[in-house]
Amino acid sequence: MKDWFFTFRNTIILCLVIQGLFAQEPPTNTIDTVQSAEVFLEEYTDEFQEAFFEGLKQKAIQNYDRAINYFLQCKRIEANNASVDHELAKIHLLRRAYSEAASYAKDAVVAEPDNYWYLYTYITTKEQLFFDLDEMKQTIPFDRLELRKSLALIFFQKKKYQEASNILAKLSPSPFTKKLNQSIQDSIIATSTKTTSSTTITPNTKEEDLLNDFKSQLSELLRIQKYQSVKVLASEAIESYPLQAIFYRFKGAALLGMGEPQEAISILKEGLDYLFDNNSLANAFYKTLGEAYTTLGDDGEAKKYFSKVKGGS
C-alpha cells in the first residue's frame, strides 16, 4: 500500500509540475507548484484511495452501481486518471452498457496508449458495437509501436488471425513479430484441420536450447530464493519470448517473494492468457495467485484461485 501511495503521490506532483510548465509559468514558480501539490495531496489523497479501493471492493461483489459511484467520486478528485477510466469501462462492460464502456475505455487508452490491458478492454467493448478498425485508428494513438504490437497480440488471442497478420505486416521484423506470426500460422493450421494441437510456438533447436536454459536457471534461482535475480532473468525471457507463459509465472513468484503481491498478481494474470493445455503450469499459476491474494488478506480471491488447482498437484 505504501509503494502505491508514494507512486501515486509522486505522479500527482509530477503532473502538476508539468501542468505548471506548460502553462508557461516562470521557472521560479516550480517550487510553488510542488508546494501546491503537497497541499492537494494532503487534502485529497486519502479520499481518492478510499474511494478507489471501495470501488474495487463493490465491483468484486457485483454491486456495480455503487462501484460506479465510488469511481465517479475518484474522477471528481482526479479527472484524468486512466486507472479510474479503465475501471469504469470494465464495470459498464459487465453491465452491458457498451457505449459507456467504450467511451471510458477509449479515454484510458488515449491517456496511456502503451498499457496492454487498457487496449484489451477497449477492443472488447468495441466488439460489442460496430467494429471498424479504420474508424478506431482515428480515435487512439495508432502510430505508437507498443500499441500496434499489443493490438496484434489481442487480435491473435481473440482468434482474429487475419487482422493480427495485417497489423504485423506493417511492423518491422523482430523476435516478437516472428513468434506471433508463427503462432498465428500454427493456430490457422490447427483450426483448419480440427485438431487439438497446442498453439504455442514450435521453436527450432537453437531456440529450444535457449528456452530450456532460461527455465533451468530460473528454476534453480527460485529454489534458492534469489528473487531479484529471478525477476531480472524472467523479465529478459519475457522480452524474448512474450508468448511463453512459464516466464510470467517465474516473474510472479519472484515478485511475491520480494514482498510485492500486487505486482505479482498483475504479471501472473497477464501470463494466464498464454496458457495452452498445460495443467501443471496452470496449477502453478493458480497456487501463486492464491498465495499473493492471501498475502494481501483477500481470502475470497485466494480461495477462488486455490479452488482452480486440479489433481491436488
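Which helix is Thr121 found in? I looked this up in the predicted model and found Thr121 in helix α6.

**Entry 1. Thr121**

I checked the accessibility of Thr121 and read 8%, so the residue counts as buried, the cut-off being under 20%. Setting aside residues up to four places away in sequence, I listed its contacts as His86, Ala89, Lys90 and Ala105. One of these, Lys90, also belongs to a network of salt bridges with Lys59 and Glu87.

**Entry 2. Helix α6**

I compared the length of α6, residues 116-127, with expectation: at 1.5 Å a residue its 12 residues should span 16 Å, and the end C-alpha atoms are 17 Å apart, which agrees. I then asked how many residues of α6 are buried. The count is 9 of the 12, so the helix is largely enclosed by the rest of the structure. Among them are Tyr116, Tyr118, Tyr122 and Ile123, as well as Lys126. The buried residues of α6 pack against α4 (82-94), α5 (98-111), α7 (133-137) and α8 (145-157). At the N-terminal end I noted a cap from Asn115, with a side-chain oxygen 3.0 Å from the backbone nitrogen of Trp117.

**Entry 3. Leu119 and the core**

I looked up the largest nonpolar core, which has 78 residues; Leu119 is listed with Leu151, Leu153, Leu180 and Phe247 as having the most contacts inside it. Helix α13 (residues 245-257) gives the most to this core, with 8 residues. Apart from neighbours within four places in sequence, Leu119 is in contact with Val109, Ile140, Leu147, Ser150, Leu151 and Ile154.

**Entry 4. Glu127**

I recorded Glu127 as partly exposed, at a relative accessible area of 28%. Its side chain meets that of Lys158 in a salt bridge, 3.0 Å from N to O. Lys158 is in the loop between α8 and α9 (161-169), 31 residues from Glu127, and the pair links distant parts of the chain. Glu127 also forms a salt bridge with Lys160, with closest N and O atoms 3.7 Å apart. Lys160 is in the loop between α8 and α9, so this pair ties α6 to a part 33 residues away in sequence. Lys160 is partly exposed, at 23%.

I found 13 salt bridges in the structure. One, between Glu220 and Arg223, has its closest N and O atoms 2.7 Å apart. Both residues lie in helix α11 (residues 205-223), 3 residues apart, about one turn. Glu220 is partly exposed at 37%, whereas Arg223 is exposed at 59%.

**Entry 5. The whole chain**

I counted 16 helices and 0 strands. Buried residues make up 42% of the 313 residues.

Conventions: Residues numbered from 1 in each chain as written. Predicted model: local features only at pLDDT ≥ 70, side-chain atom pairs only at ≥ 80, totals over all residues. Heavy atoms only, no water. Helix = DSSP H or I, 4+ residues; strand = E, 2+ residues; numbered from the N terminus. Expected span 1.5 Å × (residues − 1). Buried < 20%, exposed > 50% of the residue type's maximum accessible area, 1.4 Å probe, protein only. Contact = heavy atoms within 4.5 Å. Polar contact = N/O pair within 3.5 Å; in protein donor to acceptor, adjacent residues only side chain to side chain. Core = buried A, V, L, I, M, F, W, Y, C linked by side-chain atoms within 4.5 Å. Salt bridge = Lys/Arg side-chain N within 4 Å of Asp/Glu carboxyl O.
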